[in-house]
Amino acid sequence: MTTPLALTPGEPAGIGPDLVVKLAQTRRTNPWVCLADPALITDRAARLGLALKLHEWRPGSAVPPDAGVVPILPLKLPVIPECGTPDRANARALLDALDRAVDGCLAGEFSGLVTGPLQKSTINLGGIPFTGHTDYLAERAGGTPVMMLVAGALRVALVTTHLPLAAVAAAITRERVTTVIEILARDLRERFGFEAPRIAVLGLNPHAGESGHLGREELDVIEPALAALRSARDLHLEGPLPADTAFTGDRLARCDAVLAMYHDQGLPVLKYAGFGQAVNCTLGLPIIRTSVDHGTALDRAGTGDIELGSLVAAIDLAAELAVKQRK
């Protein structure tokens, strides 16, 4: 029996429940279990006019592959919210769902975790400091998280994530660059199956600093980190490269992943190439975690105006990584 993936729909007032209901309309090839309030899923199915049966799942039991069935591990919400209107009363319950999913992954009940989009403000307004899935999962499961988005053969990882642009340069340290590259290289080997991963590393400044004339971060921070890693770890690292020419076809053909220095340096290119089909994959954790590449889309909740592409891709990638990990 194949161990299922844990699927958390995320913000209950957003499109997460819609995605689960629509996903369940097709027969499962990769088994998943939804961790959610049954009343939420039933309510959203009724709003969408889609037939649905709930199958209460218990750890160790099989997951029915049938279309029209949602295998569910029931977790009650304090409030079943109106579509598009988050309720802060659900803040703790949303994190409880993540906790249950992580505990199940660590215990071997689940082969990995696939997360739907969360509304950070729901949790913060509930009185709980929260910056996002990634940091929370690292605190719960352990490890040093590294964000990487995947769109087909294009993989883009980040040295820094959700920082104001004014704070980015100070966060680009030799230690941070070194740590992120070590985690990226390890997971490319152990989870993605690249025996000798090739990583293209972007510079921070225009033209990668142009020999120090447009900034010294490349000379003082990034280049020394790359040189030390090439020597000590025998890693194939190209860079630091100018970001404006690093995503050309010939360069991408020579690498297995691109490492960008900050969020909006690397992700606009990836999302242009594959938005709606891309996957957010968290490296550096003891568990497999993937997620969709979009937000809660509160304005579309309950309308049926949604696309499944990113969720299906996230499930497929998590299942693929789980198989490689078992080997």
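**Salt bridges in a predicted model**

Student: Which side chain does E109 meet in a salt bridge?

Tutor: E109 pairs with R100, at 2.9 Å from N to O, and R100 is itself partly exposed, with a relative accessible area of 21%.

Student: And which residues do salt bridges with shared partners join into one network?

Tutor: That network is made up of R92, D96, D99, D103 and R140.

Student: How many salt bridges does the count come to?

Tutor: The count comes to 19 salt bridges.

Student: Changing topic, what does R27 meet in a salt bridge?

Tutor: The side chain of R27 meets that of D66, with a distance of 3.8 Å from N to O. The pair links distant parts of the chain, since R27 sits in the loop between α1 (16-23) and β2 (32-36), while D66 sits in the loop between β3 (53-56) and β4 (69-74), 39 residues apart.

Student: Is R27 buried or exposed?

Tutor: R27 is exposed, its relative accessible area being 56%, whereas D66, at 35%, is partly exposed.

Student: Where do R47 and D43 lie?

Tutor: Both are in helix α2 (residues 38-48), four residues apart, which is about one turn of the helix. R47 and D43 form a salt bridge whose closest N and O atoms are 3.1 Å apart.

Student: What is the relative accessible area of R47?

Tutor: For R47 the value is 40%, which makes R47 partly exposed, and D43 is also partly exposed, with a relative accessible area of 26%.

Conventions: Residues are numbered from 1 along each chain as its sequence is written. This is a predicted model: local features need pLDDT of at least 70, side-chain atom pairs count only at pLDDT 80 or more; totals for chains, interfaces and linings use all residues. Side-chain values use heavy atoms; hydrogens and water are left out. A salt bridge is a side-chain nitrogen of Lys or Arg within 4 Å of a carboxyl oxygen of Asp or Glu. Helices (H or I, at least four residues) and strands (E, at least two) are DSSP runs, numbered from the N terminus. Buried means under 20% relative accessible area, exposed over 50%, partly exposed in between (1.4 Å probe, protein chains only).
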